[in-house]
Every structure is written in structure tokens, then in C-alpha cells.
Amino acid sequence: MRGIACLASGQSLGLVLAGVAAFAGAFWFRLPQAQRSGGAASLEVTVANAGTGQDGVTPESFAGMVRIPGGEFVMGSDTSGAWPDEKPAHRVAVSSFWMDVTEVTNRQFAVFVAATGYVTTAERTPTVEEILANSPEGTPPPSPDLLVAGSLVFTPPNSQVPLNDVRRWWTWTPGANWKCPEGPDSSLNQRNDHPVVHVSWDDAVAYAKWAGKRLPTEAEWEFAARGGLDAQPYVWGSDPPSLTQPQANLWTGSFPYDNTAKDGFARTAPGSSFAPNGYGLYDMSGNVWEWCSDWYDREIYQQRSTTNVTDNPAGPEVSHDPMRPFTSQRSQRGGSFLCNDNYCSRYRPSARHGCTPDTGMSHVGFRCVKSP
Ligand SMILES: [Ca+2]
């Protein structure tokens, strides 16, 4: 089912696949849809601490963004807590670019939709052809009653459950989309400044094009997330996450049933609720996952390790993931409000994740970049 292949977790991906097979029996993702985008335009976004150019002035077209100076850094991680797709660590160089200070908010996305009439993937009814065209051979067609517009919503169980079955806390919810994050009975009331969620990669690209921007590469994203702290485990440095002085919107309590919200938020948080990193970027760790432009390749770092310094890598030509051979995936970074160390430690700057590009979920958003 659309979205189910994208579940970030600390569990075996094989179990995720098994869960997929049992979940809908038939389909798990859609083909990318044709993108609808309007003409290029600049977003009128004002962020108090937006960065400045080398001359100390922020051009109007870069409002709400901060300039990230180019440089070399250690991409990935060889630490014991790193996942295989983070290894080996290797040197990468990126050119300077500008990046949104916060994840794209509901308020910003609403401006885009009002200007273009764009309809997100989660708001469209999938077709049988779309489902089967990118499903494993022999997949039976889904029941027509399953072909409804919707998205996957995090729905915490009432008590502790085995962590090997993501269906226990992810619910396919008809009517869930960016305007109704928990389904038809929910709204964006008092969430205008929260990150937009339930956006697919296609939706994010459409927004970026309209805004005259683009999605970051994984290399740009990780360089920016580190905020000038090379090879540190967290975007804020070396200290582990704190309950008394939370550094990010992560999961506090026992995942997935006991959310103490000691960091102040049970789900998403407004974009400047926690301290920014060294480049003035908010929520590069946690809050919502952020789409990158790269195709996801689980093993691409192994290829780069033979190169002294890889210059501005933009990802592979095609997606590659032996754990999910039937899918094409785009990369996501940063983890979300569902991350904690007893289940998913992917809020670290080196952590990676792949997801089918037509998938939106209640913990996935994005931010944009722009070249000088
Ligand atoms: Ca984030």
C-alpha cells in the first residue's frame, strides 16, 4: 500500500516487507504521478534569523533561507550505532548553497496550493494500473474498496506491543492528507507554523519548482545538518538527547504506546521550537523526515569509499536497495518526532532512509535549497 514501504524503524526491513504483504495483500506503492506545478515564484517567508550572504545582506529571493558555506566533511558514520547504509564514512565536498531555515510549513504549503491548485498524491484516488505497474510480478489486483485517497497516520496503541510489526502503530486512513493530518476529523487549527506532512516526493518537488528552489542532495542535507561540527554524532554535538533540555522534537517515553511529550510535543512542533544548529537551521534532527533529491542507494557509500574526496554527489542514476528489490526509493533524512534510541535512532545527521516517491506519511515533510 502506498506509504507502507516507507516506515522508518529500527526493525528488520524484511519484517517490514512481510508486513506489507500481509497488510494489503496486493499493493504497497504507486507510480509517481504527473506533477502539477505553476510558474516559478518566490515565497514571501520571513524568518527572524534568516542568514545573510557574504556581503551581510539577504537577497529578497533568499528570504527565509540561510547561506550554507561550501566545504569538505566526513559523510556517513562508522560508529557502532550507525546503520549499514551509513557506512563507510568518507570525505565529501559540497559547494555553497542556501537552505530553508525551517521545514516547509503548512502556511507556506497553503500559499502554494492556493496559487496553483495543486492536489497532493494523498488527495488523489489511486488506480489499479498505478498500483500494479510497480508491484512485484504476480501481485493480485487490490480490492476496489481499497482504492481510496488517504495516507498512513501514526496511531499509537494503548499498551506496549511487539516492535516487529509496524501495522500496530501505522493506520491507513482514508481522507488523511496535509490538510487533515490525522484524518477527516482533524485540521490544521493552530498548526499553520508546523511542518506540512503527508507530502510525497512528487509533492515536494512540485512545491520546490514553484518556489524557484529544489530539494537538497543527501550530501548537501548532511553537510548542512552538521552545522560545522564535523563527524559529531548529533547535529548539536556529542551529548545524547536530553529530557531536561531537549535539543529536538523526538519521541520521549516508550515507543510506540507511551509518549510522555516531555520535549513539549506529542507530534509535530512549530519550526523554531528548539535551538537551531550551527548554521541556524531548525529541526535538522527530528520533527519530520525530510525528502532529498537523491535516489536512495543503500550501498552507495561503498562505491565512494575508494575516492579520496567525492565532489558534490547527487546520488545514483537509479534507486538500489537489495532489501526492497521491487521499489524505487528517494532518500529522506533527519528522523522525526517518532525517533528514539529504543526503536529508531535515525535522528542522527548521518542516518538515511529510503521511501517510494509517491508516499506521504504523518511524519514526513521537506525543506528546500537554492544555489547561489
Ligand atoms: Ca526534520
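This is a short chat about one predicted model.

Visitor: What am I looking at, and how are residues numbered?
Guide: Residues are numbered from 1 along each chain as its sequence is written. The model is predicted: local features need pLDDT of at least 70, side-chain atom pairs count only at pLDDT 80 or more, and totals for chains, interfaces and linings use all residues.

Visitor: What is the mean pLDDT of the chain?
Guide: The mean is 85, and 84% of the residues reach 70 or more. pLDDT is the predictor's confidence in each residue, from 0 to 100.

Visitor: Where does pLDDT stay under 50?
Guide: Over residues 8-51. The model has 116 contacts beyond four places in sequence for that stretch. A contact means two C-beta atoms, placed from the backbone, within 7 Å. Where pLDDT is low, the predicted coordinates should not be read in detail.

Visitor: How many helices and strands are in the chain?
Guide: Six helices and 12 strands. They are DSSP runs numbered from the N terminus: helices are H or I with at least four residues, strands are E with at least two.

Visitor: And what share of the chain is buried?
Guide: 48% of the 372 residues. Buried means 20 or more other C-beta atoms within 10 Å of the residue's own; exposed means 12 or fewer; partly exposed is in between; C-beta atoms are placed from the backbone.

Visitor: What about contacts between residues 24 or more positions apart?
Guide: They account for 73% of the chain's contacts with a separation of 6 or more.

Visitor: On to the core. Which residues have the most contacts inside the largest one?
Guide: Met99, Ala204, Tyr207 and Ala224, in a nonpolar core of 69 residues. Such a core is a set of buried Ala, Val, Leu, Ile, Met, Phe, Trp, Tyr and Cys residues joined through C-beta atoms within 7 Å. Several elements supply at least two residues each, including β1, β4, α4 and α5. The largest share, seven residues, comes from α4.

Visitor: Is α4 mostly covered or mostly open?
Guide: Mostly covered. Helix α4 spans residues 201-210, and nine of its 10 residues are buried. Among them are Trp201, Ala204, Tyr207 and Trp210.

Visitor: What covers them?
Guide: The cover includes α2 (106-116), β7 (289-295) and β9 (330-333). Just after α4, glycine 212 takes a positive phi of about 75°.

Visitor: How many residues of α5 are buried?
Guide: Nine of its nine. They include Glu218, Glu220, Glu222 and Arg226, along with Trp221 and Phe223. Glycine 227 follows α5, with a positive phi near 60°.

Visitor: Back to Met99. What does methionine 99 touch?
Guide: Leaving out residues up to four places away in sequence, Met65, Val66, Ile68, Pro216, Ala224, Leu281, Arg367 and Val369. Its bridge partner in β12 is valine 369. Two bridges join β4 (residues 97-100) to β12, and the two strands run antiparallel.

Visitor: What sheet does that pair belong to?
Guide: An open, antiparallel sheet of three strands, ordered β1-β4-β12. Strands pair if DSSP finds at least two bridges between them. β1 (65-68) and β12 (369-370) each have a single partner strand, so one side of each has no neighbour in the sheet.

Visitor: Which strands make the sheet with mixed pairing?
Guide: Four strands, in the order β10-β9-β7-β11, form that open sheet. β10 (352-355) and β11 (364-365) stand at its edges. Two bridges join β7 to β11, which run parallel. There, glutamate 290 stands opposite glycine 365 in β11.

Visitor: What does β5 pair with?
Guide: β6 (residues 170-174), antiparallel, through five bridges. Serine 151 has threonine 173 as its bridge partner in β6. Five of the five residues of β5 are buried.

Visitor: And where is alanine 149?
Guide: In the loop between α3 (128-133) and β5 (150-154). Alanine 149 counts as partly exposed because it has 17 C-beta neighbours inside 10 Å. Its C-alpha is 4.4 Å from that of threonine 125, 24 residues apart along the chain. Alanine 149 also touches Pro174, among others.

Visitor: Last one. Is threonine 307 buried or exposed?
Guide: Exposed, because threonine 307 has 12 C-beta neighbours inside 10 Å. This residue is in the loop between α6 (300-304) and β8 (310-311).
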